[in-house]
Protein chains: 4
Amino acid sequence: MQSKNFKYPDTKAFEFVIQRLGEKGIFTKDIAQITYDLQADKIDDLNVVLLEQQVIEVLHKREVLNSMMVGLELDRLAQEKQLAEPLQEIVANDAGVFGVDEIIAIAIANIYGTIGVTNFGYVDRVKTGIIKQLDTSEEHVNTFIDDLVGALAAAVAAKTAHAIA
Amino acid sequence: MQSKNFKYPDTKAFEFVIQRLGEKGIFTKDIAQITYDLQADKIDDLNVVLLEQQVIEVLHKREVLNSMMVGLELDRLAQEKQLAEPLQEIVANDAGVFGVDEIIAIAIANIYGTIGVTNFGYVDRVKTGIIKQLDTSEEHVNTFIDDLVGALAAAVAAKTAHAIA
Amino acid sequence: MQSKNFKYPDTKAFEFVIQRLGEKGIFTKDIAQITYDLQADKIDDLNVVLLEQQVIEVLHKREVLNSMMVGLELDRLAQEKQLAEPLQEIVANDAGVFGVDEIIAIAIANIYGTIGVTNFGYVDRVKTGIIKQLDTSEEHVNTFIDDLVGALAAAVAAKTAHAIA
Amino acid sequence: MQSKNFKYPDTKAFEFVIQRLGEKGIFTKDIAQITYDLQADKIDDLNVVLLEQQVIEVLHKREVLNSMMVGLELDRLAQEKQLAEPLQEIVANDAGVFGVDEIIAIAIANIYGTIGVTNFGYVDRVKTGIIKQLDTSEEHVNTFIDDLVGALAAAVAAKTAHAIA
């Protein structure tokens with residue numbers, strides 16, 4: 001059902017992502033803080049306010065928005081038990097060998113090159129800041145969102161690293 | 001909500017994927033035929049029956065099953081208008097710059113190395129065999145399934161290429 | 001031997017790549033022509049002169065330059081028989097299952113998202129224009145350069161596709 | 001100069017990689033130890049001897065061998081100042097924004113799926129065990145080898161994680 005006349009709704013996509021993150025208590029400054037923690041030992045004079053501007057800039061990229069929307073919707077659908085089995089239980093249990101959450105996250109992290117991918121691998125493991133809270137929630141399905149937030153912070157770290165080198 | 005005791009339902013995942021493909025009129029021999037068309041000029045004595053066995057073998061890999069299930073579910077959800085906007089209209093229209101369908105497909109194609117990725121890029125463009133029918137359907141949302149089928153055929157082509165080299 | 005004070009030589013890298021391509025008879029307009037051929041059926045009013053400007057812009061990205069330099073040097077080293085065995089004979093013979101040439105090329109193609117990767121897969125197979133000449137040279141080792149040129153053209157195609165969507 | 005009759009020298013490639021790693025003081029048990037450290041908190045009854053067998057098995061995969069050979073040769077060539085400028089100084093200085101070392105390493109890490117990629121990102125950052133020594137050597141160019149070793153350990157971790165899930 002491909003339509004040649006379809007016009008891409010970038011603004012709506014940005015608003016959707018910001019709202020969904022907000023509903024889970026995640027704001028652009030939280031993501032900037034993860035980037036800060038990732039880079040503080042490498043870059044002098046790092047500034048969380050300026051990093052937050054970079055987070056917002058990266059969140060305007062279409063590839064980022066598309067991947068974020070898919071992940072956020074899959075979390076919602078699993079939360080509302082709308083996925084078919086066995087995918088429903090795999091996503092709801094955040095099975096460690098699922099991998100599709102990381103596939104989508106790595107695509108975001110990779111937007112500014114491999115530095116983003118390695119930074120993502122690190123935050124995915126140490127689960128700093130807001131990511132830790134997401135990962136240990138008992139109430140909500142956060143299978144995709146914790147990886148998406150980590151990937152976004154990692155992409156901003158890569159963007160910053162290239163800018164100063 | 002991660003559970004350490006969760007046991008992965010590989011058999012159910014395989015059955016889910018086979019059934020969903022079947023509902024869209026796609027059988028393992030159709031996928032083997034795409035692989036055959038991809039490789040016929042490169043490998044002598046290629047045999048569709050043997051390739052179909054390889055398709056079934058690749059379809060038992062967990063990473064493949066996970067990516068297939070996510071894509072097939074997203075097509076169904078878009079068909080039933082269950083995705084939130086603007087993702088709903090983006091997936092329903094198979095927007096060329098969406099990209100998440102290709103991200104997931106490339107992860108499948110890459111399972112046997114880069115030969116799979118380049119073969120996927122080729123089938124994604126020329127849309128041979130059953131893929132053409134999927135891509136031009138007016139009734140169904142086939143945004144993910146055409147890429148998934150192409151990626152699977154491409155992965156089998158890569159597996160075969162390595163086996164004989 | 002990592003040095004914190006090392007300053008990145010972007011201009012020298014750009015000049016290196018342009019010169020090496022030129023020595024093999026490849027100019028930015030040839031690459032723009034491949035992009036044109038890739039996109040002509042999809043985009044109206046495509047213009048090779050404007051595409052050439054995009055090629056030059058993409059060739060200023062550091063990730064692109066780094067990958068190009070590595071590939072171009074490996075071709076030269078194999079041509080001059082300076083690689084250790086068995087890598088020397090693998091690169092000199094452009095073995096189909098080598099794959100490192102495609103790994104580096106896909107990293108370039110992916111810079112503007114998955115559209116670049118699928119376009120690269122297509123040109124890698126059909127080997128249009130200057131790529132065909134490179135691939136069939138009897139005199140020179142062109143194991144990396146044909147993939148690099150195809151990846152560059154594919155990246156420009158992806159950049160253009162996003163710009164108009 | 002592609003030859004259809006070229007037969008792939010897998011055994012020679014394996015011997016080359018083992019010898020080069022040995023010359024830098026890296027043995028399969030060191031790599032198994034990195035995998036152990038990565039997985040010890042996740043898997044009970046982990047055994048370094050069994051992990052070393054897995055390291056050796058992964059080191060027999062052709063894609064792994066190809067990527068390892070390219071990286072190890074680039075380190076040697078940079079050490080012997082045989083790369084053209086500006087690539088020579090970029091590799092010799094292990095510039096943080098180079099990225100080709102990580103591109104090749106991630107291709108290895110990804111062989112058993114995304115778990116390998118995230119594990120690689122983590123070891124690339126914390127630089128455990130033998131990787132730390134490689135990274136801080138004053139005498140040798142170890143730009144690629146530290147990433148290759150980390151990627152190999154990460155791939156084995158992914159292989160192991162899938163086996164027990």
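Okay, let's start with chains B and D: turn chain B by 180°, shift it 0.0 Å along the axis, and it lies on chain D with an RMSD of 0.0 Å. Superposing here means least squares on the C-alpha atoms of residues with pLDDT of at least 70 in both copies. Which residue of chain B comes closest to that rotation axis? B:Ile111, with its C-alpha at 3.3 Å. The two copies use the same surface here, as 100% of the contact residues of chain B recur in chain D, where contact means heavy atoms within 4.5 Å.

Quick housekeeping. This is a predicted model, so local features need pLDDT of at least 70 and side-chain atom pairs count only at pLDDT 80 or more, while totals for chains, interfaces and linings use all residues. Residues are numbered from 1 along each chain as its sequence is written, chains are lettered from A and ligands numbered from 1 in the order in which they are written, and side-chain values use heavy atoms, with hydrogens and water left out.

Now chains B and A. A rotation of 180° with 0.0 Å of shift along its axis puts chain B on chain A, RMSD 0.0 Å. That's the relation of a two-fold axis. Again the same surface serves both copies, with 100% of the contact residues of chain B recurring in chain A.

So what does the B–A contact look like? Chain B gives 44 residues and chain A gives 44 residues. Together they bury about 3,700 Å², 67% of it on carbon and sulfur atoms; that's accessible area (1.4 Å probe) lost on putting the two parts together, summed over both.

How many salt bridges are there between chain B and chain A? The count is 0, taking a side-chain nitrogen of Lys or Arg within 4 Å of a carboxyl oxygen of Asp or Glu. Polar contacts are there, though: 8 residue pairs, both at pLDDT 80 or more. For those we want a pair of N or O atoms within 3.5 Å; within protein, one must be able to donate a hydrogen and the other to accept it, and residues adjacent in sequence count only if both atoms are side-chain atoms.

On the side of chain B that touches chain A, α1 (10-23), α4 (62-79), α5 (87-92) and α6 (100-109) each supply at least two residues. Helices are DSSP runs of H or I, at least four residues, numbered from the N terminus. The largest share, 9 residues, comes from α4(B).
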